[in-house]
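Let's take a walk through a protein together. Have a look at the picture first, and then read on.

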Amino acid sequence: MSFHSASIIQYFAENYKIVFSSDIFGAISDKFKLFYDGDPEILRGIELFHKHYMPANFILNYALDRILEKDPELIAPQHGSIIKKEFITEVVKALRDLDCGLYLFEKRASDIKILSKAEEIFKVLIEKALLEADYRRILINLYRSIKKEIPHIKTLSVILFPNLLEDNYYVYIRVTSKGIDVQFLKEKPSATGEYMKLLTDGEEAIGVVNIMSSREFDDDKWRLLDLIINKISHPLIVLLKRELLLSKYEKENKLLFMKSITDPLTGLLNRWFLGEELERLVSMAQTHEMSLSVAIMDLDHFKKINDTYGHLAGDCILKEFSKILREHAKETDITVRYGGEEFIWVMPFTDIDEACRRVNELREKVAKGWYCRQKLKFTFSAGVVTYLDGENIDDFLSRADENLYKAKNSGRNKVVCE
Ligand code: GH3
Ligand code: MG
Ligand code: MG
């Protein structure tokens, strides 16, 4: 009887239920056993072999399915232990979800153990990156994974060039066993270390990865490092760019928001902000029986200051008044430039007597001083009220305005309270 190799396999599969599986089910291992007996070291060897030589997981699964269709009693690979029926399920299970094709991605490093280690570190990093929003923690994890393999590394640093974030600073991230430090620098930080790798996007250099160690790396360690850094640099850059841009936009948004609620001349809050805040405070006053007072203050004869000393002197007085007002206000108070030379001072947790006392203190302080290069004097008048239960905001402020009107009519430099 003569057979082609394909029909030999067919013959044994049909008559003895033995599958000669060639490379599939092979192993890379220092140990050898003719029959697989569940030894974890051999199983790791089988996994390693397939990670290395199978180009893709779906191809491996296709081959496994074809073999299992034969319902074999024995699987006899060309480069590994023979697998009896009772162990087949266990080995197939280990192979089903394997990351294959390592050899394809890295043509330069052919040491399968190093490749596999790099793959492991990469996998952990990517899993962490999906779970963690904070790039700092991701880099700390990377540092720890590398340090586990190469204990004598000291510092992992990443420098990102200005072109990556389309900005004018360098981002300098340094990870050590003590933690992580991120700096934004105008000048390029100097990068030295036992391992250095330029990060590129196409032709463009966008950063440097730099690893400092207490001693030189041997060849294997250097290759492992290089593999890890090559593998992670692209996802790392995407991640860092995303995170850094996000925090930049958050900062810009905050700045824009602050701008939108601040009066540019005096730095006090503006009328728009007052509207939003008063609603919140009034509802707090209603539900928690918190006393809430306001003072409306208007500078006296301000037109005359402008007419006599000029508009710039007027502006200067407005700024000086705002500064003193801010100094008198508590942290929980809100100080607002309401319009031209009119201001509102909101005092939560403050009853009418306390509010009246505080505004009078401010009035006396202002009246005593000399302002704007010690040449000028000015005063203000104020109306003070405390919120009455059930009152709407317009009525609340109108009462303060009426008191201000009374203060003006009774000779100015006065505070009228309820
Ligand atoms: P009263 O004591 O009755 O309040 O008199 P007054 O002169 O302060 O009041 P009036 O409303 O007649 O004048 C307010 C002036 O404030 C007129 C306006 O030109 C000036 N003013 C408003 N905003 C600014 C500003 O931003 N800078 C300067 N320099 N002047 C301003
Ligand atoms: Mg005025
Ligand atoms: Mg006025």
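What follows is a short tour, from the whole chain down to single residues.

This is a predicted model, in which local features need pLDDT of at least 70, side-chain atom pairs count only at pLDDT 80 or more, and totals for chains, interfaces and linings use all residues. Residues are numbered from 1 along each chain as its sequence is written, chains are lettered from A and ligands numbered from 1 in the order in which they are written, and side-chain values use heavy atoms, leaving out hydrogens and water.

Start with the whole chain. It is divided into domain 1 (5–100), domain 2 (107–256) and domain 3 (271–417), with bounds that come from an automatic or database domain assignment. The centres of domain 1 and domain 3, taken over C-alpha atoms, are 85 Å apart.

Now find strand E4, residues 153–160. Helices (H or I, at least four residues) and strands (E, at least two) are DSSP runs, numbered from the N terminus. Seven of the eight residues of E4 are buried, so this strand is largely enclosed by the rest of the structure; buried means under 20% relative accessible area, exposed over 50%, and partly exposed in between, with a 1.4 Å probe and protein chains only. Which strands pair with E4? Two strands pair if DSSP finds at least two bridges between them. Seven bridges join E4 to the antiparallel strand E8 (residues 204–213), where Ile211 stands opposite Leu156. Strand E5 (residues 170–176) is also antiparallel to E4, over five bridges, and here Val158 faces Ile173.

Move on to another sheet. Five strands form an open, mixed sheet in the order E10-E11-E9-E12-E13. E10 (334–339) and E13 (415–416) stand at the edges with a single partner strand each, so one side of each is left without a neighbour in the sheet. E13 pairs with E12 (residues 380–386) in the parallel sense over two bridges, and Gly383 stands opposite Val416.

Helices join the picture too. H14 (residues 393–409) packs on this sheet, touching E9, E10, E11, E12 and E13; contact means heavy atoms within 4.5 Å.

Lastly, look at H12 (residues 311–328). This helix lies across E9, E10, E11 and E12. In H12, Phe321, Ile324, Leu325 and His328 meet residues of H13, including Arg358 and Leu362.

Terms used: Axes fitted to C-alpha atoms, helices over the stretch in contact; angles between N-to-C directions.
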